[in-house]
Amino acid sequence: MSKREIASLACKILGIYLIILGINVFSNVFSFSVVMQNNMAYGNILNIIYPLMYILFGVLLWLLSDKLSVIMVKGESHSNEGFDTKASDIQRISFSVLGLFFLGSSLPNLASTIAKIHSTSELPNYTTRLLLGAGGPITQFIVGLGIFLGSQGLVNFLDTIRTAGLKREDDYEEKE
């Protein structure tokens with residue numbers, strides 16, 4: 001399996017996870033709406049849109065997995081890839097997928113918070129509480145973006161930490 005195929009497969013697995021998560025959230029929201037028999041049409045629309053965003057991001061991850069894998073494994077052509085996948089390549093792909101997971105799970109929360117702020121603009125206290133509550137999803141989005149874009153740097157950092165204080169083969173060759 002090539003590096004791009006591994007990255008594409010990881011994106012597809014993450015897409016399936018987000019679709020299943022969206023279906024789960026949708027069933028919970030639907031059962032809650034039926035039990036509460038809420039007559040607020042705007043609230044019901046927001047409750048339906050929120051889980052659909054998970055499903056939408058899952059489908060997009062599935063459909064765009066090949067293009068995302070090119071970004072995740074950048075600088076390498078597909079033709080000369082073979083079975084020479086190294087641990088650092090797997091780590092880079094894993095960090096990229098983890099970043100995509102954080103991005104995908106934070107976006108529905110951010111969109112929901114923005115919609116709630118828009119719908120309750122006349123209540124200043126409530127808007128302030130919503131903005132403070134959006135700190136978690138905003139942080140998750142920023143961390144996810146950083147992990148996705150800086151996956152190679154994280155792999156290099158882990159390698160530096162792992163080999164800190166250890167002598168490498170290059171050090172032995174220089175002494176001779």
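The structure is a predicted model, in which local features need pLDDT of at least 70 and side-chain atom pairs count only at pLDDT 80 or more, while totals for chains, interfaces and linings use all residues. Residues are numbered from 1 along each chain as its sequence is written, and side-chain values use heavy atoms, with hydrogens and water left out.

**Overall make-up**

- The chain has eight helices and zero strands, where helices (H or I, at least four residues) and strands (E, at least two) are DSSP runs numbered from the N terminus.
- Of the 176 residues in the chain, 31% are buried; buried means under 20% relative accessible area, exposed means over 50%, and partly exposed lies in between (1.4 Å probe, protein chains only).
- Among contacts (heavy atoms within 4.5 Å) between residues at least 6 apart in sequence, 83% join residues at least 24 apart.

**The largest nonpolar core**

- A nonpolar core is a set of buried Ala, Val, Leu, Ile, Met, Phe, Trp, Tyr and Cys residues joined through side-chain atoms within 4.5 Å.
- The largest such core has 19 residues, of which Cys11, Leu61, Leu68, Met72, Ile93, Val97 and Leu100 touch the most other members.
- Helix H1 (3–36), helix H2 (41–63), H3 and helix H4 (87–119) each supply at least two residues of this core, and H1 gives the most, with seven residues.
- Leaving aside neighbours within four places in sequence, Leu100 is in contact with Cys11, Leu14, Leu61, Leu68, Met72 and Phe148.

**Helix H3 and Ser65**

- In helix H3 (residues 65–72), the buried residues are Ser65, Leu68, Ser69 and Met72.
- These residues cover an arc of only 105° around the axis, which puts them on the same side of H3; the arc is that of the directions from the helix axis to the C-beta atoms.
- Ser65 counts as buried because its relative accessibility is 1%, and, apart from neighbours within four places in sequence, Ser65 is in contact with Ser8, Cys11 and Lys12.

**Aromatic rings**

- The structure holds two aromatic pairs; rings of Phe, Tyr and Trp (its six-membered ring) pair if their centres lie within 6.5 Å, and planes under 30 degrees apart count as stacked, over 60 as edge-to-face and the rest as tilted.
- Tyr17 and Phe101 form a tilted pair, 5.6 Å centre to centre with 50° between the planes.
- Tyr17 lies in helix H1 and Phe101 in helix H4, so this pair ties together parts that are 84 residues apart in sequence.
- Phe101 and Phe102 also form a tilted pair, at 5.9 Å centre to centre and 50° between the planes.
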